[in-house]
Structures are given as C-alpha cells and as structure tokens.
Amino acid sequence: MSTKPLNRRFTAAPMMEWSDTHCRSFWRLLTKNTVFYSEMVTTGALIHGDRKRFLDFNASEHPLALQLGGSDPKALAECAKIAEDWGYDEVNLNCGCPSDRVQNNMIGACLMAEPKLVAECIAAMQAAVKIPVTIKHRIGIDDMEDYAGMLNFVRTIADTGCKTFIVHARKAWLKGLSPKENREIPPLQYDKVAQLKKDHPELEIIINGGITTLEHSLNLLSEVDGVMLGREIYHNPYLLAEVDQKIYGSNRPVATRDEIIEEFMAYAEEQLSKGIRLNYMTRHILGLYQGLPGARRFRRVISEQAHKPNAGIEVIKAALTALNELPFTNELTD
Ligand SMILES: Cc1cc2nc3c(=O)[nH]c(=O)nc-3n(C[C@H](O)[C@H](O)[C@H](O)COP(=O)(O)O)c2cc1C
C-alpha cells in the first residue's frame, strides 16, 4: 500500500481478461502516475478460490486498485481487508457490469436498483479497511430516471462517507443487450456526469466511457476530477506514454516505443524464468506500434508464435525485425 494519497486524474479501467498483472506491468512502463484497476474479482472467488492467482501483482504496478464484485456486506468487508493486506491502494465496488451471469448473483449494474444495499456494502468495506473504498457505476439502468435516479444512488452512498465515484457515462440496459453492446449502444451522457460534479463539488467524480485522446481527457478534466480510459489504452497503449507529462505535469522525457519494448523484454525475460508463458504477456502489447508502418507484421509474428510451447524472447525480437522490414507492397500504415 502506498502512503501518498491517490491522484486519480487519469485512471485505467478494470477490464476482465485484459487488465491483468502483465498488462498493468506493461502499462506501467509507459506511465508512472496513472491509477490502475484490476479485473473484477467476485467475493466468492476470493474467499473460496486461489487468492494468489487473483491478487498477486508486481511492486511496480502501484498505484493499484482491486475491483470487487459482490453484494454481501460481510463478504465484501472480508475481501476489502484481504485486498488491503495484500497491498492494494484502493478497493472498488463494481456497480456497472451488465452481464447476465453477474446479474443472477446480484453483482454489477443491477445493484443500481438497490442503493441502500450498496450503501451497506460500502459502509461495511470502509469499516474493515483504511484504504479508500470507491465505486464504479453507470448513469442508471433500464427505465431508471436518468439524472434523478443516479443522484439518489450517489447520495445514498455518499452518506456512508464514500468520496469517489467512477461513472461510466451511459446507462446499462439489462435486458436484451450483451455486455459488449452495453458498452456501445446506450448513448454517452457526459453532461450528466458533469452535472453530478456541479451538484456535489465535495465528491471526487471520475468520468468514463468512449474517451480516446488525451486532448479530450484534458477537456473533460475542466469539469470533473478524473478520467478513466479502457478500450483505447488497451488497443493503443502508446497513448499512455504522454499521460505523466500532459495530465500530471511531469517534465520527464516521453519514452519512445523502442525504449518501452526494451524494458518490456527485460520484464518478459524475468517472468519467463518464473515459468510464465510468453503469450500471457505479449497479448497485451499487440497494439504498441498501432498506426505505424509494419504494425500489422509485428502483431502477426507475436500472434502466430508467442503461444507455442517454450516460446521465448526471440519471438519479440522477430516481431521487431518484421516491424522494421521493408514492405513488399505499398504498405503505409496499418
Ligand atoms: C474486455 C472488457 C472487460 C471489462 N471488464 C470490466 C470489469 O471487470 N469491471 C468493470 O467495472 N468494467 C469492466 N469493463 C468496462 C470498462 O471498465 C469501461 O467502463 C468501459 O469499457 C467503458 O470505457 P472505455 O470506453 O474507455 O472502454 C470492461 C470492458 C471491457 C472492454
């Protein structure tokens, strides 16, 4: 756990199967300041499952939050304590995930219909730990009244002393849409999130959903306290290389992609020596050269070779060679 208060001006979204320890370790080579969020872990998995698998992370990943899924105050309190003891800097409750699987277990966005229960959960978590307890939610669900519904939800939770609200700026439609569609089809409503900050300047409001550039992030930061990016930084991770300078005012030079890949190879080598398979790590770097000539060849070499048994660092080197090869055709950018 870090002793400095977390600065959430720029945060990386929790993403199942994506924002795992290797992904975050890679991202950390690009940005020191961004606050990272883990994949969601359910209370059941943490209490009964393989904790090490769900919780282990590298020291470099701080500042780092663990996101929990659940709705039983006692279990959430127990898991928040486990997260704190494991060294996480924050624990976040997921009230935004719309998947059917989690709805059946009263996890995720369906909890927006139960503000009192969520407040009980947050209060129990806060009582169990010293690290900040935060929440990630949507503008609303289904036919919940757009702004008034969210305001009631946020106020009920803020009454527990919870200060930080991460708002995915669209509703979740719990019937008929897949989780993927629920990240694309319900319209973005940034104005509602900005209004929330105006009505509650004492709360820390982080806006999420559809943000793809640092310029847009900076614009939004004039209205709210922080931004959270997910898909864009996953597919185009080099965007993170300027976050410390443009968002946090650092005057460190911006690292080049080649410097990043060198550092990543050192990381991968260390992990390989612990028996971690290469593709567990390299799947997160496929977008590093996005937009540059040869990016497709870089991705192809990694996709075709990194999963092979005993694949080692030579695969990344071969991908770099392919990246820098003269194109056969009139290839400009990928
Ligand atoms: C593959 C994937 C997995 C996700 N898993 C989670 C999750 O575990 N918890 C959560 O709160 N949100 C999850 N999300 C939603 C993101 O955190 C974020 O709210 C959403 O993608 C919108 O932000 P973006 O437009 O910047 O991607 C996931 C999104 C994606 C693409």
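Which residue of β8 is the bridge partner of N208? In this predicted model, that partner is M228. The strand belongs to a barrel that eight strands close in the order β1-β2-β3-β4-β5-β6-β7-β8, with parallel pairing.

Local features require pLDDT of at least 70 and side-chain atom pairs count only at pLDDT 80 or more, whereas totals for chains, interfaces and linings use all residues. Residues are numbered from 1 along each chain as its sequence is written, and side-chain values use heavy atoms, with hydrogens and water left out.

**Barrel**
- Strands β7 (residues 204-208) and β8 (residues 226-229) pair in the parallel sense over three bridges; two strands pair if DSSP finds at least two bridges between them.
- Helices (H or I, at least four residues) and strands (E, at least two) are DSSP runs, numbered from the N terminus.
- Helix α4 (residues 73-86) lies across β3 (64-69) and β4 (90-95), and runs at about 160 degrees to β3.

**Nonpolar core**
- The largest nonpolar core has 107 residues, of which F10 and W27 touch the most other members.
- Such a core is a set of buried Ala, Val, Leu, Ile, Met, Phe, Trp, Tyr and Cys residues joined through side-chain atoms within 4.5 Å.
- Leaving aside neighbours within four places in sequence, F10 has contacts that include V35, L214, L229, L240 and Y248; contact means heavy atoms within 4.5 Å.

**Helix packing**
- The axes of α1 (residues 21-30) and α12 (residues 257-272) come within 9 Å and cross at roughly 145 degrees.
- On the α1 side the contact is made by T21, H22, S25, F26, L29 and L30, and on the α12 side by I260, E263, F264, Y267 and Q271.
- These residues divide into six nonpolar, four polar and one charged.
- In helix α14 (residues 295-305), the residues A295, R297, F298, V301 and I302 are buried, that is, under 20% relative accessible area (1.4 Å probe, protein chains only).
- The buried residues of α14 pack against α12, α13 (278-282) and α15 (314-324).

**An exposed loop residue**
- P253 is found in the loop between α11 (243-246) and α12.
- P253 counts as exposed because its relative accessibility is 69%, the cut-off for exposed being over 50%.
- A241 lies twelve residues from P253 along the chain, and their C-alpha atoms are separated by 9.7 Å.

Notes
Axes fitted to C-alpha atoms, helices over the stretch in contact; angles between N-to-C directions. Nonpolar A, V, L, I, M, F, W, Y, C, P; charged D, E, K, R; others polar.
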